[in-house]
Amino acid sequence: MLSNIPNATIKRLALYRRCFVELDEMGVKRIQSSELSQKIGIDSATIRRDFSYLGELGRQGYGYEVRIVLEAFNNLLKTEDVQSCVLIGVGNLGRALLKYFSSDKFKKRVFRTPVNLVAGFDTDESLVGQCIGDLPLYHLDSLKDYIEEHKVTYVILTVPPTVAQAVATSLEGLGIKGILNLSSTVINVSEEITVHEVDLNMELETLFFYVFQKEQAGR
């Protein structure tokens, strides 16, 4: 079903799902597209068009039932089939992510991500055998065996830019489906692996341009 959804819509699906998770946690039963638009900053027409790819989720004048929309997302993402994920690079950013994913706040969510972070890897010998939250840390040398044993299919990459490509290349042929690349450099892998690049420096710079544009328009 995802193959029929435009890329622009796919990029918004995570935002929609997170919003509906929060609505469910607050006890909200139903929401109008106009209310949803105000909450997430996307116009109502775009929301209705995006949701049309998920089936008949709402009725005009009635809105969307939160639980029904969440079930549609769960069916789309097959959330009952949780995929294992590891993080490579336990520096400041890696530590922060491991702490978040092992936190009680994250674990208590009723509708969590279908990808489950299970361990962290680094080349720092002093980290081996430690845990961040309840997530164990291993040496990078044991990554291949761990991936094969635990059927890991996703990787979060938080290594320095200078080694990101080498680490990414080492993941080839291990059954990895996707890499979330936070290493602030572009990596190249085979078509079998999907890479989502997130550069926090570029995101901050993009924010700067948005603010600058807004200020210029107001003059």
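Helices (H or I, at least four residues) and strands (E, at least two) are DSSP runs, numbered from the N terminus. The model is predicted: local features need pLDDT of at least 70, side-chain atom pairs count only at pLDDT 80 or more, and totals for chains, interfaces and linings use all residues. Residues are numbered from 1 along each chain as its sequence is written, and side-chain values use heavy atoms, with hydrogens and water left out.

**Exercise 1. The annotated site**

Task: Locate Gly 89 and Asn 92, and decide for each whether the residue is buried or exposed.

Solution. Step 1: start from the record. UniProt, in an unreviewed entry, lists Gly 89, Val 90, Gly 91, Asn 92, Leu 93 and Gly 94 under "binding site". UniProt positions are given in the numbering used here, feature names are shortened, and annotations may be inferred rather than shown by experiment.

Step 1: place the residues. Gly 89 sits in the loop between strand 4 (83-88) and helix 5 (92-101), whereas Asn 92 belongs to helix 5.

Step 2: apply the cut-offs. Buried means under 20% relative accessible area, exposed over 50%, and partly exposed in between (1.4 Å probe, protein chains only). Gly 89 has 6% relative accessibility and is therefore buried. Asn 92 has 70%, so this residue is exposed.

Step 3: list the contacts (heavy atoms within 4.5 Å). Leaving aside neighbours within four places in sequence, Gly 89 touches Gly 94, Phe 121, Asp 122, Thr 158 and Val 159.

**Exercise 2. Salt bridges**

Task: Describe the three salt bridges of the structure.

Solution. Step 1: a salt bridge is a side-chain nitrogen of Lys or Arg within 4 Å of a carboxyl oxygen of Asp or Glu.

Step 1: Arg 12 and Asp 50 meet at 2.6 Å, N to O. This pair links distant parts of the chain, with Arg 12 in helix 1 and Asp 50 in helix 3, 38 residues apart. Asp 50 is buried, because its relative accessibility is 0%.

Step 2: Arg 67 and Asp 24 also meet at 2.6 Å, N to O. Here helix 4 (residues 66-77) supplies Arg 67 and helix 1 supplies Asp 24, 43 residues apart. Arg 67 is partly exposed at 44%, and Asp 24 is buried at 14%.

Step 3: Lys 144 and Glu 148 meet at 2.8 Å, N to O. Both lie in helix 7 (residues 143-150), four residues apart, about one turn of the helix. Lys 144, at 46%, is partly exposed, and Glu 148 is partly exposed at 44%.
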